[in-house]
Amino acid sequence: MNGCGLGSPAMDATTANHFMQAALAEGRRALPACLPNPPVGCVLVRDGVIVASAHTQPPGNPHAEAGAMARLQGPLDDVIAFVTLEPCSFQGRTPSCAKTMVERGIRAVHVAMLDPDPRNDGKGIALLRDAGVEVTVGLLEEEARRDLAPHLALKANGA
Ligand SMILES: [Zn+2]
C-alpha cells in the first residue's frame with residue numbers, strides 16, 4: 001500500500017474508495033435496529049489500516065462516528081474517518097459527533113454525502129473545518145444516497 005499521502009484528503013482515490021466502501025458496508029448492518037435514524041457507517045483508518053468501525057445504534061445510543069471513536073484510546077491526530085453521512089453538529093439524544101471528532105483531534109474526515117436534516121445541512125462540515133480538520137465531501141456519494149435517502153426522507157417527514 002502507498003504510505004505517502006495517506007491521511008490527507010489527497011489520499012489516492014482507489015484507497016479512499018476502498019475505505020468508503022467499507023463504511024457503506026458497515027452502515028448497511030445498522031438496519032433495521034437504527035430506525036428512524038439513518039443507517040450510517042463509519043470506519044477509522046490509521047497507517048492505512050481500519051482500526052475501528054461502527055454503525056448507527058438504536059435511537060438514544062451512539063451514532064456510527066461516536067461508536068467507532070469510543071473503540072480507540074487517546075488522541076486521534078493520526079486517524080482518518082470515513083463516514084457515509086455528514087457528522088451531526090447538534091446535540092440531540094446523543095452528543096454531537098462533529099464536536100467529539102474535534103475534541104478527539106481527528107486528523108481528517110471523508111464524508112460521502114451531506115445531511116439534509118435542517119439542524120445539520122453543512123453545519124457539521126463547517127464545525128470540523130473551522131477547527132482545522134481536513135474534510136472532503138462526495139466520496140461515493142451516489143452509493144451513499146442510494147442507501148440513506150429513503151431513511152433521510154422518513155426523518156424529514158417527522159418520523
Ligand atoms: Zn452523530
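Let's start in the loop between E4 and H4, where you'll find Asp121. This is a predicted model, and in it Asp121 has a positive phi of about 45 degrees even though it is not a glycine.

Asp47 is another one to look up. Its phi is positive too, at about 50 degrees, and Asp47 is not a glycine either. You can find Asp47 in the loop between E1 and E2.

## The overall layout

Now zoom out. The protein chain has 5 helices and 5 strands. If you walk along the sequence, the pattern reads α-β-β-α-β-α-β-α-β-α.

The chain is 159 residues long, and 43% of them count as buried. Now take the contacts with a separation of 6 or more: 68% of them are between residues 24 or more positions apart.

## The sheet

In what order do the strands sit in the sheet? The order is E2-E1-E3-E4-E5, and these 5 strands make an open sheet with mixed pairing. The edges are strand E2 (49-55) and strand E5 (134-137), each of which pairs on one side only. On average, neighbouring strands of this sheet are turned by 15 degrees against each other, direction ignored.

For a parallel example, look at strand E3 (residues 79-85) and strand E4 (residues 108-113), which pair over 5 bridges.

## Helix H1 and its two faces

Helix H1 covers residues 13-28, so to speak a run of 16 residues. From its first C-alpha to its last, H1 reaches 22 Å, close to the 22 Å expected at 1.5 Å a residue. Which residues of H1 are buried? They are Ala16, Phe19, Met20, Ala23, Leu24, Glu26 and Gly27.

H1 lies across strand E1 (41-46), E2, E3 and E4. Its direction is at about 140 degrees to E1.

Helix H4 (residues 123-130) lies across E4 and E5. Here the angle to E5 is about 150 degrees.

## The nonpolar core

How many residues are in the largest nonpolar core? It has 43, and those with the most contacts inside it are Met20, Cys42, Ala81, Phe82, Val83 and Val109. Several elements give two or more residues to this core: H1, E1, helix H2 (64-70), E3, helix H3 (97-103), E4, H4 and helix H5 (141-156). The largest share comes from E3, with 6 residues.

Leaving out residues up to four places away in sequence, Phe82 touches Phe19, Met20, Ala23, Cys42, Val43, Val45 and His110. Two of those names, Met20 and Cys42, are also among the residues with the most contacts inside the core.

## Two cis prolines

Finish with the loop between H1 and E1, the place of Pro32. The peptide bond from Leu31 to Pro32 is cis, with omega near -5 degrees. Pro36 is found in the loop between H1 and E1 as well. A cis peptide bond joins Leu35 to Pro36, and there omega is about 10 degrees.

Is Pro36 buried or exposed? Pro36 is exposed, with 11 other C-beta atoms within 10 Å. Now try finding His151: Pro36 and His151 are 115 residues apart along the chain, yet their C-alpha atoms are separated by 7.0 Å.

Key
Residues numbered from 1 in each chain as written. Predicted model: local features only at pLDDT ≥ 70, side-chain atom pairs only at ≥ 80, totals over all residues. Helix = DSSP H or I, 4+ residues; strand = E, 2+ residues; numbered from the N terminus. Expected span 1.5 Å × (residues − 1). Buried ≥ 20, exposed ≤ 12 C-beta atoms within 10 Å, placed from the backbone. Pairing = 2+ DSSP bridges. Axes fitted to C-alpha atoms, helices over the stretch in contact; angles between N-to-C directions. Contact = placed C-beta atoms within 7 Å. Core = buried A, V, L, I, M, F, W, Y, C linked by C-beta atoms within 7 Å.
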